[in-house]
Each structure stands twice: as structure tokens, then as C-alpha cells.
Amino acid sequence: SGTQKEVRSPMIDRNVPVELSADQLLDDVRHLSVVIGPRRPATAGERAAAAYVHSQIRALNPQWELINQPFRTIPGFRWRIAPISAAVGLALLGGLKRGRQGRWVTGLVSVALSILSRDTFLARAQPGEGILARGESENVIVRIPPRRRVRRRVVFVAHLDSGVHRMTTGSRLVGQLPRTLGAVTLLALVGGVLTALAGGQQRWRSLRAAIGGLALGGAALAVLDESGPSVAGANGNASGVAALLALARALRHDPLENTEVVLAFTGSATAVSAGADTLAVEYEESWRDALWMVVSNVGAGELCWVTRHGISPYAYYHPHPDAVSVMERVADARPDLGLMGKPMLTLDEVSNLRDRDLMAVGLMAYDRVTGHIPNWRRRTDTIHEIDPQTIERAAHSLWTAAQVVDQADVWPPRA
């Protein structure tokens with residue numbers, strides 16, 4: 001009849017390939033985070049990680065289609081948010097000295113900047129950004145065919161790069177991100193409206209000056225926040241890369257029946273998610289019916305699929321409902337994995353995929369006490385903090401998700 005139904009599948013076999021064991025996963029994490037070390041976007045470290053993945057995949061099966069997708073990127077998030085925040089501050093402070101027409105202009109400029117700042121917190125490129133995109137990065141993509149004709153597709157995404165030690169992600173400050181950097185959107189909007197409506201008597205002058213000062217402070221914070229040392233990135237995101245490599249090793253001997261598995265190792269995620277954006281632009285139409293799963297920070301803590309993402313209260317984004325239904329099926333099939341849905345404080349590549357209405361969801365891990373990503377953008381993100389059981393459960397989750405897609409009665413699903 002062609003009627004779409006919820007995802008249903010036969011009983012999933014809980015026996016998993018030995019290639020998904022913790023020992024091999026930890027070897028990959030060790031190579032990426034210790035042998036290669038820090039892998040900041042558009043650096044030699046990131047390129048070494050891409051070369052490592054390329055060599056590992058090529059050694060598994062020379063017949064698999066292996067694609068290198070180069071692109072240019074800006075080196076960090078501060079290159080997006082700091083100029084906007086500084087421009088808001090200067091516009092609002094400039095509006096204190098202008099006439100009525102000048103205040104209208106500066107007020108409207110500030111309101112427009114509030115829209116741009118919201119786009120920044122959704123990982124969207126800004127006007128004119130291409131001029132600043134000088135860094136060279138790349139995605140490594142492998143397409144693993146099924147035994148039979150391709151009828152379905154699942155795309156697993158894990159970023160190769162690691163970030164820097166940030167002051168805003170410390171245990172006492174990370175929960176305040178929505179009120180610090182995340183508040184730029186509100187400051188620009190409120191300050192712009194007050195400036196435009198100030199009238200001849202320059203109403204709310206002290207408040208407007210305070211908002212302008214806070215916006216300039218936000219710009220300074222954004223710059224300082226990315227001035228820390230590079231981190232090893234064992235959890236973020238050597239763990240995700242290792243999980244994808246383990247899945248490739250398992251599929252070498254036991255491919256799916258009718259589902260193509262695409263593994264996309266992306267670059268520049270900790271800067272501005274340029275790799276995921278490049279990937280989505282290239283394949284959004286041809287892979288429209290695929291399940292897209294972003295795998296990041298899965299090396300310690302408890303596993304979850306993210307039900308709400310964002311570091312700004314004015315720029316939250318959510319997974320695709322159909323992708324969530326697949327994750328629920330995974331959790332039902334493997335209750336021992338401890339999977340659950342949970343909102344997370346994160347800015348990640350799911351945003352770029354959901355912007356194009358792709359069937360995307362994020363798999364992450366959280367600390368049971370704090371509720372946040374363990375060692376997120378901290379110098380403590382080393383291999384010594386990796387939990388073998390967590391990363392093994394993550395690899396099992398990917399295997400089970402692939403099985404759920406392959407065995408579903410109807411595809412694409414409808415939640």
C-alpha cells in the first residue's frame with residue numbers, strides 16, 4: 001500500500017563481532033591522542049589523523065570507495081562570534097552620541113547582528129567568511145557496500161580534530177555558557193531595540209551603555225577562551241573516530257544485507273563544523289533518506305542520544321524525529337548499553353545536518369554527576385580518562401543501529 005510505518009525489525013542479535021572490543025578501540029585512541037597528539041583544525045596534527053584513518057581503511061579493503069574531500073576553513077569559533085559581539089558593543093556605544101536618525105541606524109544594526117549571532121550558535125557560516133577561510137582541512141569518507149543491492153544507507157560521522165583548553169568549559173563555569181557567550185544574541189536584540197526607541201531625551205542611556213560594555217566583554221571572552229593550549233582530544237574526538245574504525249573492521253567480514261554504511265571522518269568540527277557542512281552540501285540530495293549519526297565524545301561516562309543541543313538559549317536545535325525512533329529501537333534491542341535520550345550543552349555537527357532537514361541524531365556520553373560531556377575541551381582530555389567499557393558500548397551502539405536500519409520493515413521510517 002506504500003504506507004509508512006514506525007521502525008520495526010526482527011529481534012536484533014546481541015552477539016557482536018570481536019572487532020568491536022575495547023582493546024582495538026583503545027589502540028586507535030592511543031595513536032590519535034598520544035602518538036599524533038593535539039589535532040587542531042587545519043594543522044599538521046589534523047592532517048596526520050586523516051592520513052591514519054585513510055591508511056587503516058585502505059588496509060581493510062582496497063576495493064571500498066575511499067574519498068578525500070578537501071575544503072578551507074577558519075581556525076576557530078572566535079572568528080565568528082568575537083567580531084559580531086564587538087560590532088554590537090561598538091554600535092550600541094556609538095548610538096549614545098548620535099542623533100535620532102543615527103540611533104535608529106545603530107539600533108537596527110544591532111538587531112541585525114543579533115540574528116547573525118544566533119546563526120553563529122547554530123554553526124552557520126557568516127557573510128564574507130570565505131575571505132577568512134585560509135586553513136586547509138579535509139574529510140575522509142569511506143563507502144562500505146552491502147552483500148546485495150543498496151536499498152538503504154546509514155552515515156556515521158566523527159570529527160578528526162581536537163580543540164583547545166577553554167576557560168568556559170571548567171566544571172564551575174560550563175553551566176554558565178548560555179549566560180555568558182550564549183547571551184550575545186539577547187544583548188544585541190535588547191540593546192538595539194532600546195537604542196532605536198530612545199527618543200530625543202536619550203532614554204535608558206546607562207542601561208544601553210552597560211549592554212554595549214557587556215557585548216565588548218563578550219568579544220574579549222571569546223578571544224581569550226580560544227587562547228589556551230591544545231588538548232590531546234582522547235574523548236573529543238579520538239573516541240568517536242575509533243568507534244567508526246571498529247565498525248569498519250567488523251563490516252569487512254560481516255557486511256549488511258541491503259544497507260550501505262558510510263563512514264565520514266570530518267575536519268574542523270571544533271572550529272566551525274566546516275567539514276560536516278561540506279559533507280552535507282555535497283551529499284544532502286543523494287543521501288536524503290539516510291540515517292545520519294554524529295558520534296562524538298563517547299569515551300567516558302554514560303551513553304545517550306541528544307534530544308536538544310546548543311550553548312545558547314536562543315539557538316537550540318533538535319534531532320530528526322525519525323532518527324530518534326531508530327535510537328529508541330537500539331535502546332530497546334540492547335538495554336545493556338544504557339542508552340537514553342538527554343539534552344546536552346554542546347555545539348556540534350548535528351546542527352549543520354539538521355539545517356538541511358537530514359535524518360540526523362547525535363550519540364554522545366555524559367558524566368552522571370554533572371550531566372555534561374566529560375573533560376570537554378579541557379587539558380584533562382587524555383587517554384587516561386577513557387573508560388574502556390563506555391567506548392566499547394559506543395561501538396556496539398553503532399553496530400546495533402546499523403542492524404536496526406538494515407532489518408527495518410519500512411525505510412525511511414516515520415516517527
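D277, E284, E285, R288 and R356 are joined in a network of salt bridges. A salt bridge here is a side-chain nitrogen of Lys or Arg within 4 Å of a carboxyl oxygen of Asp or Glu. The model is predicted: local features need pLDDT of at least 70, side-chain atom pairs count only at pLDDT 80 or more, and totals for chains, interfaces and linings use all residues. Residues are numbered from 1 along each chain as its sequence is written, and side-chain values use heavy atoms, with hydrogens and water left out.

**Salt bridges**

The structure holds 23 salt bridges. Three of them are listed here.

| Pair | N to O distance |
|---|---|
| E136 and R72 | 3.4 Å |
| R356 and D277 | 3.0 Å |
| E302 and R393 | 4.0 Å |

E136 and R72 meet through their side chains. This pair links distant parts of the chain: E136 sits in strand 2 (residues 135–144), R72 in strand 1 (residues 65–73), 64 residues apart. Helices (H or I, at least four residues) and strands (E, at least two) are DSSP runs, numbered from the N terminus.

The side chains of R356 and D277 also form a salt bridge. R356 is in the loop between helix 10 (350–355) and strand 8, and D277 is in helix 8, so the pair ties together parts that are 79 residues apart in sequence. D277 is partly exposed, at 26% relative accessibility. Buried means under 20% relative accessible area, exposed over 50%, and partly exposed in between, with a 1.4 Å probe and protein chains only.

E302 pairs with R393. R393 counts as buried, with 18% relative accessibility.

**Helix 1**

Helix 1 covers residues 22–36. Its 15 residues should span 21 Å at 1.5 Å a residue, and its end C-alpha atoms are 20 Å apart, which agrees. The expected span is 1.5 Å times one less than the number of residues. Helix 1 bends by about 30 degrees at R30. That bend is the angle between axes fitted to the seven residues ending there and the seven starting there.

Which residues of helix 1 are buried? They are A22, L25, L26, D28, V29, L32 and S33. Their cover includes helix 2 (44–60), helix 7 (234–253) and helix 11. Just after helix 1, G37 takes a positive phi of about 85 degrees.

**Nonpolar patch**

W104, L108, L186, L189, V190, V193, L197, W204, L207 and Y314 make a nonpolar surface patch of about 860 Å². Patch residues have over 30% relative accessible area and no salt bridge; like charges are joined within 9 Å, nonpolar side chains (Val, Leu, Ile, Met, Phe, Trp, Tyr) within 5 Å. Areas come from the Shrake-Rupley method with a 1.4 Å probe; for residues, only the protein chains shown count as cover.

Helix 4 (100–120) and helix 5 (184–196) each supply at least two patch residues. Helix 5 gives the most, with 4 residues. L186 lies in helix 5 and is partly exposed, at 36% relative accessible area.

**Two loop residues**

S273 is in the loop between strand 4 (259–266) and helix 8 (274–283). S273 is buried, at 3% relative accessible area. Beyond its neighbours within four places in sequence, S273 contacts A123, S268, D348, E349 and N352. Contact means heavy atoms within 4.5 Å.

R379 is in the loop between strand 8 (359–366) and helix 11 (388–407). R379 is exposed, with 51% relative accessibility. Not counting residues up to four places away in sequence, R379 touches H165, P229 and V231.
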